[in-house]
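Subject: Structure handover

Hello,

The structure is below, followed by notes on what was found in it. Please read the notes with the model open.

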Amino acid sequence: MATTLNLSVPPLLSTTQQPQSTQTPTTTTTNLLQSCENLNQIKQLHAHFTKHGYNQHPSFLTKLITKYSETGSMKYAQIAFDNLRKEGYSNFTYVYNVLIKGYWLAGLFYEALLVFARMVGESVEFDGYTFPLVLSVCAKDGRFSEGVQVMGLALKWGFGDDVFVLNSLIHLYGECGEVGKARKVFDKMSERNLVSWTCLINGYVRSEKAEEAVKLFFEMTEGAGEEEGAVVPNSVTMVCVLSACAKLGDLGLAERVYGYIEKVGLKVNTVMVNAVVDMYMKCGSMGKAKRLFEECVDRNLVLYNTVLSNYVRNGMVREALEVLAEMLSHGGPRPDRVTLLSSISASTEMADVYFGKQCHAYVLRNGLENWDSISNAMIDMYMKCGSQEWACRVFDQMSNKTVVSWNSLIAGFLRNGDVEEACKTFNDMPESDLVSWNTMIGGLVQQSMFEDAIHLFRVMQNEGIKADRVTMVSVASACGYLGANDLAKWIYIYIEKYEIYLDMQLSTALVDMFARCGDPANAMKVFNKMKERDVSAWTAAIGAMAMEGNGKRAIELFYEMLREGVEPDHVVFVAVLTACSHGGLVGEGMEIFRRMKEIHGISPQIVHYGCIVDMLGRAGLLKEAVDIIKNMPMEPNDAVWGAFLAACKMHKNDEMATYAIDMISESSPDKAGIHVLLSNIYALRGKWTDVAKVRMSMKERGIKKNPGSSSIEVNGNIHEFTSGDEFHPEHHNICLMLDEMNCRVREAGHVPDLTNVFIDVDEQEKEFALNRHSEKIAMAYGLISTTQGHPIRIVKNLRMCSDCHSFAKFVSKVYDRHIVVRDNNRFHFFQGGLCSCGDYW
């Protein structure tokens with residue numbers, strides 16, 4: 001049978017214990033108060049003494065106030081205190097200190113300060129306990145200015161050199177983020193104890209100065225430059241230092257600190273075990289952390305949660321589930337909300353909605369659904385697992401929908417491509433924060449809705465919401481894809497004006513933005529200002545040079561990166577090989593390709609082989625390109641065949657084109673671009689029947705050709721045109737300008753290249769179709785909409801045809817305009833009748 005616990009409270013006083021009315025109850029009350037285990041027993045004792053007339057005895061009331069304060073029953077402590085005041089008790093300093101400590105321990109910081117204010121108002125004397133207590137209250141509640149005032153009083157009362165007061169002041173400074181001032185106090189102390197060192201170490205950790213914290217720890221333990229010699233830390237000190245090592249993620253330092261613990265034989269309690277395990281896991285030493293965890297015989301819930309959360313954070317989901325299973329099946333501690341957060345995150349990592357629903361069921365059975373963090377995690381989990389309906393159900397059942405809850409729902413909708421529902425939810429929010437706006441803008445960028453992202457950013461500005469670096473990373477990315485250089489310059493000015501911190505990520509985004517907008521000068525200006533550069537930053541700079549066609553400078557940057565000790569990745573090799581391809585630097589490109597595997601140990605992926613095929617094909621080395629394709633360790637994809645076919649078309653090599661067509665027919669890729677290239681090659685040969693077959697095959701497979709389009713930014717607005725566009729408000733003026741342009745460039749020597757028209761019509765119709773290509777329409781609009789000397793910047797979604805390329809060169813010369821065209825392959829900078837690509841594209 002199960003044991004029944006008797007929870008009734010027996011009378012505290014038997015008849016033999018009841019004090020006589022003529023005796024002083026000091027000894028009796030002390031013993032009885034110490035025996036009280038809960039508030040009800042204290043109240044029972046209080047009532048008994050009141051009944052017998054001893055509730056006015058100062059000694060009894062003082063002890064009663066102390067006992068009430070220890071249990072956090074400050075309402076009753078205050079009543080007893082008020083009774084004591086009526087008796088004219090003289091030793092009020094002690095009682096005030098007790099009250100301040102009681103309110104502090106109960107989390108009633110404001111009330112604690114009110115008690116101290118009453119002390120000041122009533123001119124009660126302070127002692128060596130008062131100021132440390134009040135400074136601790138200020139530290140706990142983050143009341144820096146009040147703490148400074150309290151320290152002023154301490155100085156006035158002659159406690160300026162008291163080690164306990166100064167320790168509390170260091171603690172206050174550390175908790176309030178003023179660790180520099182804490183260090184000044186520490187350095188000026190004539191006497192220091194272990195608490196002094198621990199408070200400063202903790203201050204460094206809280207101020208994200210973990211390296212300084214560890215350095216100070218070794219100064220303390222080695223007695224470096226100290227007259228008092230080495231100081232032996234306690235468990236509190238060690239937990240602070242272990243936390244600092246965890247933040248640094250430095251395994252060598254972690255081993256050194258743990259070695260000290262073993263060397264001096266410090267007693268390792270459960271709190272320290274938890275800190276050590278957390279440190280090793282955050283330093284990447286999972287094996288040692290696991291061994292320490294398994295060796296621990298007293299595994300509490302905090303330790304289990306530490307191991308679980310670190311496993312999940314490091315993507316070791318299976319290991320996390322093993323720990324959870326052990327926790328549930330071997331009499332381990334009962335999971336709490338922290339455990340469930342890690343478990344739900346694990347199901348999210350695995351995209352395992354079934355396990356996620358098990359976690360959800362546990363949450364409901366144990367009444368954890370009222371925790372906002374739990375519900376938010378479940379919304380995120382269901383969204384990432386594709387169960388949007390369940391995510392909405394969790395959200396709808398939340399009694400307290402926080403901004404984070406709304407943001408989680410919006411992020412989920414955007415991740416699943418449901419932009420309409422995301423916008424509706426965003427508009428329905430009772431209140432939004434910066435994260436809400438960042439989530440929406442970032443989500444629109446991820447969905448390639450760049451103009452909508454920029455529009456929402458402008459709405460955000462109109463509502464007076466200041467952007468941060470996260471906002472600007474998304475906005476810079478959207479601007480880069482749009483190729484809107486005027487907007488790019490405004491974004492950069494905005495960042496400088498509002499002093500938004502330019503970290504490595506935002507700086508890299510700006511380099512990429514300017515590069516995509518055809519402004520390599522500004523891209524390199526931002527890059528050169530960067531104090532720190534990772535491989536992504538170097539990749540962006542190399543890509544900027546590649547887009548400009550400056551292959552030699554791109555290669556110089558690549559080798560400069562290597563000299564600075566930055567390890568290359570597969571992405572930077574794509575950028576530098578692209579630069580070699582665009583610059584016709586075949587020898588340099590092949591050498592970098594060789595070094596990629598032999599020196600840097602990076603196995604080339606299909607994208608790298610595609611760059612090499614493109615580079616060789618552009619240079620007319622079609623046989624060598626075929627050899628690369630044949631010897632690839634993987635099957636060539638449509639990008640590889642597309643690059644090769646484009647080269648065959650450029651060099652008019654029918655034999656190689658026929659080989660490529662035969663190989664493509666076997667693999668039958670479903671990409672539109674490859675079929676369009678096939679169709680165009682057949683058209684060049686005049687094989688219109690084959691053209692019809694390719695187009696019919698595309699129709700049967702549901703493959704649609706992307707229509708050619710070009711966009712241009714004028715006065716901050718993006719204007720987009722398609723081939724033969726007749727819907728623009730300025731259509732009439734555009735047509736007049738097109739006619740003028742055609743006349744003037746023809747007079748200057750331009751001859752239309754009708755081979756770029758891939759339909760079987762007569763030459764007059766071909767010429768008309770050629771004159772209505774989208775980039776020519778955009779050029780015409782640029783000429784009528786911008787002033788002389790203003791660059792015309794055009795973004796084309798497809799590769800620029802040879803006729804439009806020649807046309808743009810003549811327009812730049814005849815109209816004396818700088819024209820920049822970004823097609824889907826590279827940038828073309830036209831000026832004075834020449835192009836930056838040197839007709840090599």
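**Helix 23 and its surroundings**

The buried residues of helix 23 pack against helix 21 (372-384), helix 22 (388-397), helix 24 (419-428) and helix 25 (434-446). This is a predicted model, in which local features need pLDDT of at least 70 and side-chain atom pairs count only at pLDDT 80 or more, while totals for chains, interfaces and linings use all residues. Residues are numbered from 1 along each chain as its sequence is written, and side-chain values use heavy atoms, with hydrogens and water left out.

Some terms, for use throughout. Buried means under 20% relative accessible area, with exposed over 50% and partly exposed in between (1.4 Å probe, protein chains only). Contact means heavy atoms within 4.5 Å. Helices (H or I, at least four residues) and strands (E, at least two) are DSSP runs numbered from the N terminus.

Helix 23 covers residues 403-415, which is 13 residues. From first C-alpha to last it reaches 18 Å, close to the 18 Å expected at 1.5 Å a residue (the expected span being 1.5 Å times one less than the number of residues). Because 10 of its 13 residues are buried, helix 23 is largely enclosed by the rest of the structure. The buried ones are V403, S405, W406, N407, S408, L409, I410, G412, F413 and L414. After helix 23 comes G417, with a positive phi near 80°.

**Nonpolar cores**

A nonpolar core is a set of buried Ala, Val, Leu, Ile, Met, Phe, Trp, Tyr and Cys residues joined through side-chain atoms within 4.5 Å. The largest has 225 residues, and M279, M472 and F644 have the most contacts inside it. Helix 31 (residues 535-548) gives the most to this core, with 9 residues. Leaving aside neighbours within four places in sequence, M472 is in contact with F457, A467, I491, Y494, I495, I500 and L506. Another core, of 28 residues, lies apart from the largest one; I712, F721, V745 and C837 are among its residues.

**Cavities and a pocket**

On a 1 Å grid over the protein atoms alone, a cavity is a set of points where a 1.4 Å probe fits but cannot get out, and a pocket is an open set with protein on both sides within 12 Å along at least five of seven lines; lining residues have an atom within 4 Å of a point. Grid points are joined across faces, edges and corners, and a volume is the space filled by probe spheres set on the points.

There are 2 cavities of 30 Å³ or more. The largest cavity has a volume of about 80 Å³. Its lining consists of G483, A484, N485, D486, I712, E713, T786, H790, P791, I792 and R793. Helix 28 (485-497), strand 1 (709-714) and strand 3 (792-796) are the elements giving two or more residues to that lining.

The second largest cavity, of about 50 Å³, is lined by 10 residues, with N742, R746, H750, P752 and N771 nearest its centre. Helix 41 (731-747), helix 42 (763-771) and helix 44 (802-814) each supply at least two lining residues; helix 41 gives the most, with 3.

The second largest pocket holds about 670 Å³ of space. Of its 25 lining residues, K101, W104, P132, L133 and S136 are the closest to its centre. Helix 5 provides the largest share of this lining, 7 residues.

Regards
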